Amino acid sequence: AQIVKSYAKAVMYAPLPQWIMNKILSEPYLNNRNKTIISRGNQEFKIFKSIEWSLPVKLEEAQKNAVVQNENGAYLAQMLRGNYEFLTPYQNKVNYFSFVLIEEERDRLSRYLKKRGIMSGKHFQHALAWAMAYGYAPGSCPIFEKQVNQVLTIPCNYGLTKRDLDRITHCLLEFQKLNPQ
């Protein structure tokens, strides 16, 4: 249950990319908003000031969470390397928002994990239909057509403990032993 809650929290509270934080939440923006809110009344100013004062703490917390999340993803990669095919962030320049497996028995693995309290995601399960809606002709890219039904994401968010990650790893390796390909 804790893994499910942690995964849900990560989806809902995932850190914003750094460029969004810099452009939207930069100091000049806050200063301009401050002037506008002051002209509207003291109550709005107080609300804005409370947001402004808490923002550095929130940003610092998001950065720490991103570090933990990257460590969790790297740990899963280390534990699963050689047993599963998975996608990793390019040169560690992005956050491990989720850990992406490529698994031929994706649907069976997803059901297996769910029975053990581990949520997974089939994020691209409708990609072929979407592509066809925009003119994609079936058979044009057979690798895409095959892999789109093999993508499964598993949790690696900052709310997970090493024990949670070990449990996820154990279940994945156990599934593989029970379902040799």
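From the N terminus, the elements of the protein run α-α-α-α-β-β-α-α-α-β-α. That order holds eight helices and three strands, taken as DSSP runs (helices H or I, at least four residues; strands E, at least two) and numbered from the N terminus. This is a predicted model: local features need pLDDT of at least 70, side-chain atom pairs count only at pLDDT 80 or more, and totals for chains, interfaces and linings use all residues. Residues are numbered from 1 along each chain as its sequence is written, and side-chain values use heavy atoms, with hydrogens and water left out.

**Overall**
- Of 181 residues, 34% count as buried (under 20% relative accessible area, 1.4 Å probe, protein chains only).
- Among contacts (heavy atoms within 4.5 Å) with a separation of 6 or more, 71% join residues 24 or more positions apart.

- Beyond its neighbours within four places in sequence, Leu 109 contacts Tyr 84, Leu 101, Glu 103, Leu 152, Leu 172 and Phe 175.

**Asn 157**
- Asn 157 sits in the loop between strand S3 (151–154) and helix H8 (162–178).
- Asn 157 counts as buried because its relative accessibility is 1%.
- Asn 70 is 87 residues from Asn 157 in sequence, but 8.2 Å away in space, C-alpha to C-alpha.

How values were computed:
Buried < 20%, exposed > 50% of the residue type's maximum accessible area, 1.4 Å probe, protein only.
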